[in-house]
Amino acid sequence: MNWDQVEGNWKQFKGNVKEQWGKLTDDQLDVIAGKRDQLAGKIQEAYGVTKDEAEKQIKSFEETNKDGPPKSSS
């Protein structure tokens, strides 16, 4: 998965992001709007981790969600 997929489908991925990083608020997620660098910065702030650690967590998130956005169950 490339990050453009996440950015383009941010509304679908927001739930997954919230699950992974529960300290991030809905307002913060709206500001991030799928931008990887914004997400890394917010993870650093909320969890007190280094930029490298935030990047590592995002890479892990990408691997976990490599099949794309979650399918809606409607």
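Reply: Gladly! One term to begin with: pLDDT is the predictor's confidence in each residue, from 0 to 100. We need it here, as this is a predicted model.

Me: Which element of the chain has the highest mean pLDDT?

Reply: For the chain as a whole, the mean pLDDT is 90, and 93% of its residues reach 70 or more. Among the elements, α1 has the lowest mean, 86. At the other end, with a mean of 97, is helix α4 (residues 36-47).

Me: Is Glu7 buried, partly exposed or exposed?

Reply: Glu7 lies in helix α1, which spans residues 3-8. Its relative accessible area is 37%. Buried means under 20% and exposed over 50%, so a value in between makes a residue partly exposed. Glu7 is therefore partly exposed.

Me: How far apart in space are Glu7 and Gly34, C-alpha to C-alpha?

Reply: Not counting residues up to four places away in sequence, Glu7 touches Ala33, Gly34 and Lys35. Glu7 and Gly34 are 27 residues apart in sequence, yet their C-alpha atoms are separated in space by 4.1 Å.

Me: And Gln57: buried or exposed?

Reply: Gln57 sits in helix α5 (residues 51-64). Beyond its neighbours within four places in sequence, it contacts Trp21, Ile43 and Val49. Its relative accessible area is 19%, so Gln57 is buried.

Notes:
Residues numbered from 1 in each chain as written. Predicted model: local features only at pLDDT ≥ 70, side-chain atom pairs only at ≥ 80, totals over all residues. Heavy atoms only, no water. Helix = DSSP H or I, 4+ residues; strand = E, 2+ residues; numbered from the N terminus. Buried < 20%, exposed > 50% of the residue type's maximum accessible area, 1.4 Å probe, protein only. Contact = heavy atoms within 4.5 Å.
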